[in-house]
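Hello,

Here is the structure I promised to pass on. Please have a look, and read my notes below when you have a moment.

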Amino acid sequence: MRRFLTTSATLDRGIGLVALVLVALGPVAFSAYWVSFILTQTFWLGIAATSMIFLSAYGGMVSLGQVGIYGVAGIVLGNVVTTGQVKGLHLGWNPWLGVVLAIVIATVVGLLLGALASRSTGIYFLMLTLTFGVLIYYFFSSVTSFSGFSGISGIQGHTPSVVGDPTNHPNRLYYIALVAALLVYLGVRYLVRTPFGLTLQGIRDDPVRMASLGYNVELHRTLAFGLSAFVASLAGVLFVWWNDHVDPTSFGLGPIIDLLIVGVIGSLYRLEGAWVGAFAFILINNYTHDVNVPVVGGSFNTVIGVIFLAIVLLSPGGLLGIWEWLNRQARELMTGAGAATLAKARPVKP
Amino acid sequence: MTDYVAFVRAQADRAELVRLTLRRLPRLVVLAVAVFALVWVLFWAKDTTYGSAVSDPVDFFKVVLDSLTFAGLLFVVASGFTLIFGLMRVVNMAHGSFFLLGGLIAYYLQQDLAHGGGFGLQSSQVSTMNWVLPALIGSICLAAFGLIVQQLTLRWTQGQDLRQALITIAISVIVVDQLLAHMNAGNEQDISWPGSLDRFVSIGSIQYSLVRLFMLAAGLAIGVLLWLWLHRTRTGMVIRAGVDDRAMVSALGINIQLTFAIAFIVGSLLAGFGGVMGGSFAGLQSDVSGQWLLNSLVVVIIGGMGSLGGAAAGAVLYAFVSNFSAIYLPTTSNNCCTEYSVAFTFGLLAIVLAFRPLGLFGRPA
């Protein structure tokens, strides 16, 4: 049994490594469209999804507030760095200062929201964070001094010199997003092995027991939410660099549900699911966006809605869940004979 | 020796006092905020849309009525949401799209009924029947639609509340997209109030819109009916028992599946009827779906999930805070309204949750 377990883990790692080498080759292996559009988008959307999956996989909290938080980061960055006639505060400060402020403010907002939501669990937490997310959208839609409905444009002209203008140098942003995605992945992997991460998983499994052992359950949940907000803010910064423009529609109810779909398509219970889901979502989006659905009518949203519904109904573990199931089936097929003899040899319990 | 005892006692008393003060502090803060808000609205509110309540009592009274009547509409929609959650533990994320669907069905029916439709239907052209009939049919269609959704997707996923929430989200995505494709939800569609309702009546010295009063009356009537149904009929008793202990109720030989179906039908019906009223009041467009999901969520989070009284309290609080913060905050520029009223909805939510994580009338599951 153990031998096959390790085989399947090795297989997963092998696939991951191949994917990593492929994306590291980047512009050599892929066309310019794929690099600047599909893959870069996959990286930042995957980071945003990671912030959600980290909470759901290790904290047992499915949050729909992550999009609002990356929206806060994006709006802050847009307000701080731009100059001239654009909407917002157009402060025109140093681009790096903009990045730092965006991350710090979004993380603080995340900590505050996390503190409010930390006493709710399960479905209440989902509803509450959804409400937070939608309220953030309405807030920035109505407050014209920060953004207003039309949002802030021309952010690509105010990036740090390392990034340059992503329209002229798409490869730079591509590699920055790739490195950020890798660091986020490794960072979260490390984090969940620390005492904090283990405590968080204990709280996920049995909050009452952890509380009676003396752990501060609400504090841990709040901190986890703050950390996920930090990750989401990275996605927000990359998003506005990539998109050049940020407005409330880019973090309204539509994108909130899109991110949830990304998580569910990948897997809400495995970190790798973030990028698998993001990649699948962007591919579907890209190739069905102008399609009219036959018979029933409708557009991309009907397609993605039906896929989402099918995955939730049939495989709650998402694509990675299907992959693991296939692995198990293969394993059983291969060990079938051995398992049968074992079952025969072992006396049946009364 | 006695000195020492007295000293320790005094110290303990002091510590107790500090503890009590600290415990009361949050309440005092909330009280202070409420008093400040009251004083602000009554006497202080200069540079706002209407000025302070003392200087302009007529408009103040109008804002109070506006809040109460909007609360009626909020209650109709949110009571359906809370009913479904209370019994089945299903958070119906498709509630907003049910609202939109019900409204749009009624809209097209009305267009057909009132002299074959046409743009810009005036309320004088709409007889009472031409509003009541579409409203009834729209609500009933939604009840049927809700039943189908519940039987096909929610019945066999019972007990998996997260999965059910995701299912209803998927359904709302599909429904809204289909409405965009087939029912022209991308453009605003206005259901027209009947001519008999669309006029002003005088209350004291002010003229007030009758349709707004009708919304309040509908909210009250539905609240009373729901209360009677839940507390005075057998089905209602079964539903309340099911809220408390589902397993026990079905062990007693009661068909709990039937009860679930009834609750979902009534909840969807209320969403549909809310959609008809909301569509007559403010028009229907695809983003109305998300807006009313948010409204329902805020109302039941404030009031407590699954509680009818909570939905009423939440509706009133939410309507008052959002209306008053829109009118009685200093105006930001030459335009009429303030931009920061959303922040006050947020503040209301934060204050309620800080003290009662399950909402005002919420009980742990």
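A term to start with: a residue is buried if 20 or more other C-beta atoms lie within 10 Å of its own, exposed if 12 or fewer, and partly exposed in between, with C-beta atoms placed from the backbone. B:Asn184 has 16 such neighbours inside 10 Å, so B:Asn184 counts as partly exposed.

This is a predicted model, in which local features need pLDDT of at least 70 and side-chain atom pairs count only at pLDDT 80 or more, while totals for chains, interfaces and linings use all residues. Residues are numbered from 1 along each chain as its sequence is written, and chains are lettered from A in the order in which they are written.

Back to B:Asn184: its phi is near 55 degrees, a positive value in a residue other than glycine. B:Asn184 sits in the chain B loop between helix 5 (161-182) and strand 1 (200-203); helices (H or I, at least four residues) and strands (E, at least two) are DSSP runs, numbered from the N terminus.

In chain A, A:Asp244 also has a positive phi, near 70 degrees. Its loop joins helix 9 (217-243) and helix 10 (253-266) of chain A. A:Asp244 is partly exposed because it has 17 C-beta neighbours inside 10 Å.

Now the interface: 35 residues of chain A are in contact (C-beta atoms, placed from the backbone, within 7 Å) with 32 residues of chain B. On the chain A side, helix 5 (122-142), helix 10 and helix 12 (300-314) each supply at least two residues. Helix 5 of chain A gives the largest share, 12 residues.

Best wishes

Technical notes. Two residues are in contact if their C-beta atoms, placed from the backbone, lie within 7 Å.
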